[in-house]
Amino acid sequence: MQVRRWLMLGTLVATAGAAAACGPAPSNTDYVGYTDDFAFRVTATPLPPHARESTHYKVVVRDRKSGTPVIGGEGRIFASTRDGANTWDALLPGQGIGAYYGALNFLTAGDWAVAIQFRRDSTKPLQRIDWHQEVGAARGGVP
């Protein structure tokens with residue numbers, strides 16, 4: 001009887017340890033958006049962004065119907081506030097198939113309307129996704 005209790009206790013401890021090691025899955029903070037032809041997965045670093053810092057964006061673009069990465073596309077990422085502050089950057093191909101990179105420098109904290117315009121090539125029309133991004137106050141004594 002004593003051995004059985006130790007075995008049950010050992011199993012319980014091992015199960016609890018495995019569950020604690022795995023822990024809850026981290027929440028996915030990527031923005032996912034769709035147009036008629038494209039599926040976008042947008043990752044920002046740092047997140048949340050802060051005013052007066054460069055925020056780097058990785059945008060993975062896939063064909064919406066086939067799921068294949070879009071190579072050789074062109075686009076831009078841009079953002080505006082209600083007060084008229086603007087920032088933008090070209091999306092340039094980078095590391096990873098179907099991955100494009102750009103950076104935004106938000107001048108002020110607050111709510112920003114962010115968008116991406118993208119097309120497969122210069123013969124195709126631009127397609128657009130939009131979202132809102134809350135930008136935190138500048139860090140580290142940046143004026």
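**Entry 1: a glutamate to start**

I opened on glutamate 74, which comes out at 32% relative accessibility and so counts as partly exposed. This is a predicted model, so I keep that in mind for everything below. Glutamate 74 has a salt-bridge partner in arginine 119, with the closest N and O atoms 2.7 Å apart. I then checked where the two sit: arginine 119 is in strand 7 and glutamate 74 in strand 4, so the pair ties together parts that are 45 residues apart in sequence. Arginine 119 is partly exposed as well, at 22% relative accessibility.

**Entry 2: other salt bridges**

How many salt bridges are there by this rule? I get 5. One of them is between the side chains of aspartate 63 and arginine 120, at 2.9 Å from N to O. Aspartate 63 belongs to strand 3, while arginine 120 is in the loop between strand 7 and strand 8, so this pair bridges parts 57 residues apart in sequence.

Is aspartate 63 buried or exposed? At 16% relative accessibility it counts as buried, the cut-off for that being under 20%. Arginine 120, at 30%, counts as partly exposed.

I also noted the salt bridge between the side chains of aspartate 130 and arginine 128, again with its N-to-O distance of 2.9 Å. Aspartate 130 has a relative accessible area of 42% and is partly exposed. Arginine 128 counts as partly exposed too, at 44%.

I find 8 strands in an open sheet, ordered 1-2-3-6-5-4-7-8, with antiparallel pairing. Strand 1 (31-34) and strand 8 (127-135) are at the edges with a single partner strand each, so one side of each has no neighbour in the sheet. On average, neighbouring strands of this sheet are turned by 20° against each other, direction ignored.

**Entry 3: strand pairs and hairpins**

I went through some of the pairings.

- Strand 2 (residues 38-45) and strand 3 (residues 54-63) run antiparallel and are joined by 8 bridges. Threonine 45 has histidine 56 in strand 3 as its bridge partner.
- Strand 4 (residues 74-80) and strand 5 (residues 86-93) run antiparallel, with 6 bridges joining them. I found phenylalanine 78 opposite tryptophan 88 in strand 5.
- Strand 5 and strand 6 (residues 99-105) pair in the antiparallel sense over 2 bridges. Here leucine 92 has tyrosine 101 in strand 6 as its bridge partner.

Which residue takes a positive phi in the hairpin of strand 4 and strand 5? I find glycine 84, with phi near 95°, in a hairpin that has 5 residues between the strands. The hairpin of strand 5 and strand 6 also has 5 residues between the strands, and there glycine 96 has a positive phi near 110°.

**Entry 4: the nonpolar core**

Which residues touch the most other members of the largest nonpolar core? Phe40 and Ile116 do, out of 23 residues. I looked up who contributes: strand 2, strand 3, strand 4, strand 6, strand 7 (110-119) and strand 8 each supply at least two residues of this core.

I listed the contacts of isoleucine 116, leaving out residues up to four places away in sequence. Among them are Phe40, Val42, Val59, Ile77, Leu91, Ile129 and Trp131. Isoleucine 116 also touches Arg76, Gln127 and Arg128.

**Entry 5: aromatic rings**

My search of the whole structure turns up 6 aromatic pairs. Tyrosine 31 and tryptophan 131 make a stacked one, 4.6 Å centre to centre with 25° between the planes. The pair links distant parts of the chain, tyrosine 31 being in strand 1 and tryptophan 131 in strand 8, 100 residues apart. I get 26% relative accessible area for tyrosine 31, which is partly exposed. Tryptophan 131 counts as buried at 9%.

Phenylalanine 38 and phenylalanine 40 form an edge-to-face pair, 5.9 Å centre to centre and 65° between the planes. Both phenylalanine 38 and phenylalanine 40 are buried. I also see them in one aromatic cluster made of Phe38, Phe40, Tyr100 and Phe118.

Conventions. Residues numbered from 1 in each chain as written. Predicted model: local features only at pLDDT ≥ 70, side-chain atom pairs only at ≥ 80, totals over all residues. Heavy atoms only, no water. Pairing = 2+ DSSP bridges. Helix = DSSP H or I, 4+ residues; strand = E, 2+ residues; numbered from the N terminus. Axes fitted to C-alpha atoms, helices over the stretch in contact; angles between N-to-C directions. Core = buried A, V, L, I, M, F, W, Y, C linked by side-chain atoms within 4.5 Å. Buried < 20%, exposed > 50% of the residue type's maximum accessible area, 1.4 Å probe, protein only. Contact = heavy atoms within 4.5 Å. Salt bridge = Lys/Arg side-chain N within 4 Å of Asp/Glu carboxyl O. Phe/Tyr/Trp six-rings, centres within 6.5 Å; stacked < 30°, edge-to-face > 60°.
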